[in-house]
Amino acid sequence: MPRPQPKTITFTIDGLEVRAPENSMLVDAAKHGDVEIPVFCYEPKLGNPVGACRMCLVEIEGIPKLQTGCSTPVKDGMVVHTQSERVKTAQNAVVEFLLINHPLDCPVCDKGGECPLQDITFGWGKGTSRFIEPKRHFVKPLELSPLIAIDRERCILCYRCVRFSQEIAEDYQLVLLERGAHSYVSTFDGHPYVAPFSGNIVELCPVGALTSRAYRFRARPWDIEDSGSVCTLCPAQCNVSFTVRDDRVMRVLARENDEVDDGWLCDKGRFAYQSIHVDERVTQPLVRDGGELRPVSWERALEEAAAGLRRARGKVAALAGGGSTSEEGLLLARLLREGLDSEHLDTLAGVDCRDLHRLAEPALQATASDLEFAHTVLVIETEPVRDIPILDLRIRKGVRRHGVQLAVATPRPSSLDASAKLALRYAPGAGATFLQALAAALYGGELEETARAAGADVEQLRALAELLRTGGATGSAPQEIVILYGDRILGHRGADDLLKLARGLNLHGHAGAGLLAVPAAGANGRGLLEAGFAPGYGPGLRAIAASGAHTGRNGAADGESATDGKDASALGVHGIGAALATGELSALYLLHADPLRSELPHETWSAALEKASTVIAHASFLTEGLREHANVVFPAESYAEKEGTVVHPDGRLQRLRPAIGRRGETRAEWSVIAELARRCEVDLDVLTGAMASQQLFDAVPFYAGLSLEEIGGRGVRWQERGAASAFPQPPASAPAEPSADGTASPEAVGSIWDTPEVEFSPSLKFLYKRERVEA
Amino acid sequence: MSELLLFADIDEPGLNTLEVYSRRGGYDSLRKALAMPPEAVLHELEASGLRGRGGAGFAMGKKVSFLPKGGMDKYLVCNADESEPGTFKDRELMQKSPHMLIEGIVIASYAAGASRSFIYIRGEYQLQADVLDAALSEARDAGYVGENILGSGHSLSLVVHRGAGAYICGEETGLLDSLEGKRGNPRLKPPFPANQGLYQGPTLINNVETLSTVPTIIRMGGEQYAKLGVETSTGTKLVSISGHVQRPGNYEIELGIPSREIIYGLAGGPPQGRAVKCWFPGGSSSPVLTGDELDVPYDFNSLAQAGTMLGSGAIIVVDDSTPIIDVALKVAKFYRHESCGKCTPCREGTNWTVKMLERIDAGEATPMDLDIMGSVQEHIMGNCLCVLGDAMAMPIASMITKFRAELEAHMDSRRLEAVGA
Amino acid sequence: MTAVKRYEHGSRVPGWDEAADLTKDPAEIPDPATTPVPEDLRAEIEAHMANYPDRRSATLPALAAAQRVHGWCSPQAIDEVACVMRLTPAYLASVATFYDMLETTPVGRHSVYVCTNISCSLCGADELYAAVRDAAGDDADFNVRAFECLGACDIAPMASVDGVYVGPLTLEDVPRLLDDARAGRPVLPEKQLARRRVADPHANSQEFPEHPAQEPQG
Ligand SMILES: Cc1cc2nc3c(=O)[nH]c(=O)nc-3n(C[C@H](O)[C@H](O)[C@H](O)COP(=O)(O)O)c2cc1C
Ligand code: SF4
Ligand code: FES
C-alpha cells in the first residue's frame, strides 16, 4: 500500500488564506494558519474521528448547520469561521454542558495545570454556569487496575480510552456501560483493566478521570521538567519524555515519533521508571570480600577489577546486554582487544554474527513504519507483544486501517492470530526448518518432508506461499512484503532461506518492503554489533583477521576487510561458556548481562561462572548470577541517567540524554571502562560522553560524518545517509560449517516483561508474577 | 377517503399468509418489476414522489439513486424499529400484511442493486417478528426471496433482525451500528449510508411503510401514484392517532387533508366536553400545535410551514384536562432515557432539562428558569451528532413558547402549595 | 421542601461507585476448554452468526438467547456468549447494558412492561403501573417495569406481558393479568392486540373489536 501523498490546497479561515494538505481535517488544517479549534474527542492516533464531544463546531460557508472541524476534510476554496457569534455560542454551550456534571475539583486534581478541560474552559467557555441542580457525587477515585485509578465524576465521556482499548490495543476490555447520561467507563464484572498497553489511556484522557496510580499526587505541572530520551528496555526503543521533579523521574510519557513508536508506550516503558528509585538498586561499587559483596571505594573496586583483568590477559571474555549503548560496546571491545588480547565478545543471544551481517544489508532493511503500509506482513519466530511490544500495535494498525494482510508463523499461539489472514504453527526450535519448508513451497524443493520435520502443516504452508506470491498488490506492481523475524531463527542455515525469500519476494532495494529483525540480543543488539562488540567483528562489521593482526587505534581492522576472514578463534557466547568451564578462559566481564538471568542453559553457566576466577559486572540489580559469582560490581546507570546512542532494529541511531543525575556513587559507565583500560595500559582517549560518541561515528565507516546534533531528537537511519555505501560486503554464503554459536536456543531471551526493571518497579510487580506464571 | 392502498385488504382474514396475499394480487408487482430493467423501476419510484415515512421525509427514489452503481456488495435495511412515541403504524403493516413489506423490499433491492437485506425490528414486537419470519419462509419457498428470484437473475437474502429495546436504533446510523452488533450509537455523517453504511458498504435504509408502498407504486405506476395527495406530499399516509381521542388507531389518509378531519372526523376528537389543548402532529419529537391550529393541512410542507413536522405521522392529542408540565416532563424524560450518550449537548442537555422541569413542577423555579430552559434547548438544537437531541429540544421549546403563561402559573401555585398557603 | 431529591433518578447510577477487583484476572476472551456452554445455546448462537457476513452482528440475538436460558445476562451468560462468539465479555456487557430489554441484574421470570410514555400516560398508565407494581408486590417471579412507548398507543393504557401486548387495561384487569401470567395461561385473551382489527372504518365493514383475527398468544 503506497503511503498517501496529499496535495496542498488553499482555504480561508477567519479571513486568512491558508495552505494545508487537502482532506486533512479542519482542526489540523487550521493549525497551518495558527488558528486553534478546541477538541476533546478528536485524536487522530485513535483512527477515524467520532464527532462526539461537539467542541470543535465551526461555521462553513454554504453549509447551514455548524460542522465538526474534527471530521470535516478541508477542500480547496472552503471558507471557515471559528470566531463568529454562532460558533462562540456553540462553544460556550458545549463547555457549559460538559461542566454541568463535572465536579470542578481542580485544586485537588492531578491533571490540574495540564488539563485540556481547564484550558478549553478558560479559552472557549463563558466562565459562568447556569446549572444549579445537584451534581453527581460518587466515591472516588476507584481502582481500575493496579496501575490506573478512575474518577468517574470527572469523566466527560470523550470515548478516547475505550477507543484505545477497542481500536488500538484491540483488547476490548475497557468499555462504556449503560447508556446516555448514565454511561460510564468500566470493565466486565469488576475485572481489572490489565493489558500490555493499558497505561496509554492515562495519557489520552483529556481530564483527570484516568490517572496513574504511580504518579498521583507526586508532582504538579509547575514543579516538573520534561526531558526527552529513548526507552532502552526493549528493542522497540520508543521515544519517551521523562517527567522530572527534584532530580527524580516521576513519570514517563510518550514522545511521539511516527517512525518509531507512533506515539504509544507499553506499560513496561511507562511504569518501569520506578525501578530507578528503588532501594534494591546498586548505587555503589561492590567487591566480594569473605564470600559477600560489600560496598567499597571506587579506587578499590577499580583496582580489584583491573588486577583481575590483567591477570587474565588473553583469557578474558565479555558479554553485553541489550541495555548497553553502542559507545559502551565500542569502548569495552577496545579494552579487550587492545588491552587484554582477547577477542571473545558477544551478547547473550548466541546468533552467528556472519548471519547477522548478511541480513543487515541496507538494501534489505524495512523500517518500523513499513509494517503499517506494506501489502503483506509476515511475522515469524517472534511474539511482538513479548519481544518488541510497540510493533504489535503497529501491525494491528496496518491490518485495521490499511488492509495489510498479515501472516503469523510461530511455535506458540500468537496474540496477533486474530488479526492474521494466516496463522501457522511449527515445533519450538524448528523456525529455521520452517523457513526451509516455506522456501520449498515457494521455489520448489522437498516440501512435505521438511514441513513434517518442522512440525508445520503443508497446506497452510502452501497458502502462505500463495499469499506471499500474489497477495495484495494491484496491477502489475510487485507487492511490498515486510518480514518481521526474531533473529534467533538464523541458526541452521535459517539465514540462507531467509535471504532466498528476500530475493525471490523482491525485498531487495524495494522501498516499503524488506526484513526487520527483532534482535535476540536485546534493545541495542544491532548497535552493539555495528560498534564491533562481536566475536571476530570490529566496528562497522568488518571482520578481524585471525589472531595477532591487531586492530588499529579505533578498533577498526586495518583497512582490508576480508569478507569471511574473521578470526575463527574468537568465541561467541556458547564458546565462552564452554571455555570458562574448562578454564581456557578465566575472566568474564558482564556489561548489563547476567547469563543466569537469561535463557542460556542454567547449569552450564552456573558451572562456568563458578570456575571463572574473575567476574566483573556493571549492573543495577544484583541478579542471581552476580549475587553469587561476581567479584566486582560497578553500579550501572539507569537509562534515564545515561548518555550515548543506541540503534533501532531498523538502523535508526537514537540518542539517549540524561534526564536526572546518576544515583548514589554511580559513575558514567564509559568512564569506568576507560579507567579500567588505563589501568590495563590502554588509553581509550575519551574524556566526555560526546567524545565517546564521536569515536563511534569515526570508527564505523557507514556512520561517517554523523554527529549527535544530526541524530537530534528523532534519530537518523544510517541507511538513508550517503555513508551507507561503506557497508561492507557481507559473506556471500553461509559460514562453512555452522559454528556452535549459530545455534540460538529457541528462546535466547525471555519476554521483556520478565526482567529486573519489571520485578523491581513496585507497581509492575504484579505483571512480573503473571508473566512468570505463564512462562 | 377516496381510496385505500396499504390498508385495502388489511383486515382480510389470513392476509399474513402467502395464499391469501397472492389471491389478492400479491407479488404481481414483483413480477412486473422484475420484467423491467432496474433503471425503469427506479424511475417509477422517483416519479411517484414518495417521501420517506420514517420521519425525515426524504424522497425515496432519490435515496435509491444515491447508491453507487457497480458490483460491490450493497445492502438494503428496512427500519422497523418504530419507537417514536405515538407511532404504531409499521406494527400493523408487519403483523397483518407482512408479504407486502417483503415484496416491497425485493423490488427496492432490485432497483438499488442490493443483494443482502435485513429487517431491523424492535425487540418488543415479538408477534410481528414471528409473523414476518413465517411469511419470509413462505416467500423463500415460493422463490420470491433467495437466489435468482423468479429467474430474473436478481438474488436477495433477507434476515429479520430483532433489536433489544433502544429508541436510538431507529436513527439510521445507530441502527447500522446496532445491526453490526455494537451499541446503537449514531455515526458521523458524512459518509452517508448510501455510500458507506452497513459493513462499510453502500446501504439503502427505508421505513416499513415506505417499503410497503413500493408494490402499490409499481402496480399503479409512479405518475399515477403521484396524483394522490398534494404536490410535495404525494400518496396516502398511515396516521397513528392516540392520546385523548375517542377512536385511537391507524388510519390511512390522503396527504393534504385538514388535520381536523383526522382528529375529529376519523378519531372522534377528545372525550365529550373536553377540548384539544395541544397535539403532536408527527410523534413526540414534533413541536406541538395548539387547539387553534387544527386546520393545518396534514402534509409535509404545510406542517413545516406551521413550525412543526409530519415526522412519523403519529398524532398525539392532549386535551385540556392535562397540565402542560406533565406532557413536557414525559417527553423530556423519554429523550433523556433514550439519549445514547455519545454527544455532549444531547446527553447533558436532556439530563439538565429534566432536572429543570422537575424543579418547575415542584414549584422551586422562577420564570428565569424558563428562559434558561429555552436557551438550553437552543443550545441543543443543531449542535448534536444526530437529531435525537433536537427531538427533545423542539417540542420542549414549543411548549415553553406556547404555554409559558400556564407554566408560570403552575410554578406559582406549586410554590404556594409548598409553603402551605 | 425539596421535592427533587439529591440523588434522585438520573444521578445515582449503579456501578459508578464500584472499583475493579484487583484480585481478578483481566477478562479476556474465554477459553473454550474452561467455559462450558449449553449445547442448545451454542447451536442457537452459531446459527445466528451464520446469518450475517460478520459474526459480530449476532450479538443481540445471541445475548437474547442467553438471557432466555439464564433469565438474565448474568456474568456467566455473557461469558458463554463471549466464548462462542470469540468476543471479550466486556464488549458484550457494553452492548447488553445499552439495551432496555437485556437485563443485567437478576429479574423475575415473568416480565410485565407497562408503557408509561405519553399516550398511555394520558390514558392513565401511571396509575396502572403503580397498580401492577403493588399487585405484584415482592413476588420474585415478576419483573414489572415502566417502559417507554411500546408502539401500541391505540390500546392505551397497555402492557406487554411476557412479550404479549394487552390493552386497553383498566385497574380491574390487573389481578387477572398477573394470575394468567403466573398460571401460564394466555394473558387476558380478549384484550390481546393480536386479535384487534384496524381502527380505520374504511378498512372495516364491521365494528371493532369483535372477531379475533388471530389465535390468542401465550
Ligand atoms: C432519534 C431518531 C429515531 C428514529 N426512529 C425511527 C424509527 O423508529 N423508524 C423509522 O423508520 N425511522 C426512524 N428514524 C428516521 C431514520 O433515521 C431514517 O430517516 C428513516 O429510517 C429513513 O427511512 P425513510 O426514508 O423511509 O423514512 C429515526 C430518526 C431519529 C433521528
Ligand atoms: S444526539 Fe443524542 S442520541 Fe444522537 S448521538 Fe448525540 S447523544 Fe446520541
Ligand atoms: S473534537 Fe470534534 S466532536 Fe469532539
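A salt bridge here is a side-chain nitrogen of Lys or Arg within 4 Å of a carboxyl oxygen of Asp or Glu. C:Asp126 and B:Lys330 form one, with their closest N and O atoms 3.0 Å apart. The model is predicted, so to speak of local features a pLDDT of at least 70 is needed, side-chain atom pairs count only at pLDDT 80 or more, and totals for chains, interfaces and linings use all residues. Residues are numbered from 1 along each chain as its sequence is written, chains are lettered from A and ligands numbered from 1 in the order in which they are written, and side-chain values use heavy atoms, with hydrogens and water left out.

**Chain C against chain B**

- Contact (heavy atoms within 4.5 Å) involves 58 residues of chain C and 73 residues of chain B.
- About 5200 Å² is buried between these two chains, and carbon and sulfur atoms give 57% of that area; buried area is the accessible area (1.4 Å probe) that two parts lose on being put together, summed over both.
- On the chain C side, C:Phe98, C:Ile118 and C:Leu122 supply 13% of the area buried against chain B, more than any other three residues.
- Three salt bridges cross the interface of chain C and chain B.
- The same interface holds 23 residue pairs in polar contact, both at pLDDT 80 or more; a polar contact is a pair of N or O atoms within 3.5 Å where, within protein, one must be able to donate a hydrogen and the other to accept it, and residues adjacent in sequence count only if both atoms are side-chain atoms.
- Helices H2 (59-70), H4 (89-96) and H5 (118-122) of chain C each supply at least two residues of the side that touches chain B, and H5(C) gives the most, with four residues. Helices (H or I, at least four residues) and strands (E, at least two) are DSSP runs, numbered from the N terminus.
- By class, this side of chain C has 28 nonpolar, 19 polar and eleven charged residues. Ala, Val, Leu, Ile, Met, Phe, Trp, Tyr, Cys and Pro count as nonpolar, Asp, Glu, Lys and Arg as charged, and the others, Gly among them, as polar.

**Chain A against chain C**

- Here 32 residues of chain A are in contact with 36 residues of chain C.
- The buried area is about 3300 Å², with 59% from carbon and sulfur atoms.
- Two salt bridges are counted between chain A and chain C; C:Lys24 and A:Asp189 meet in a salt bridge at 3.7 Å, N to O.
- Twelve residue pairs are in polar contact between chain A and chain C, both at pLDDT 80 or more.
- Strands S6 (142-143) and S8 (175-177) of chain A each supply at least two residues of the side that touches chain C, and S8(A) has the largest share, three residues.

**Cavities**

- There are 13 cavities of 30 Å³ or more. On a 1 Å grid over the protein atoms alone, a cavity is a set of points where a 1.4 Å probe fits but cannot get out, and lining residues have an atom within 4 Å of a point; a volume is the space filled by probe spheres set on the points.
- The largest cavity has a volume of about 300 Å³ and is lined by 28 residues, with A:Leu356, A:Asp487, A:Gly525, A:Arg526 and A:Leu529 nearest its centre.
- H17(A) gives the most to that lining, with five residues, and the lining divides into 20 nonpolar, four polar and four charged residues.
- The second largest cavity has a volume of about 120 Å³; its 16 lining residues include A:Cys155, A:Cys161 and A:Cys205.
- This second lining has 15 nonpolar residues, no polar and one charged.

**Within the chains**

- Over all chains, the whole structure has 104 salt bridges.
- A:Arg396 and A:Asp392 form a salt bridge, with the closest N and O atoms 2.9 Å apart; they are separated by about one helical turn because they are four residues apart in helix H12 (residues 389-402) of chain A.
- The peptide bond from A:Lys140 to A:Pro141 is cis, with omega near -10°.
- A cis peptide bond also joins C:Ala156 and C:Pro157, and C:Pro157 is in the loop between strands S2 (142-147) and S3 (159-161) of chain C.
- A:Asn506 is not a glycine, yet has a positive phi of about 65°.

Terms used. 1 Å grid on protein atoms, 1.4 Å probe; cavity = no way out; pocket = protein on both sides within 12 Å on 5 of 7 lines; lining within 4 Å.
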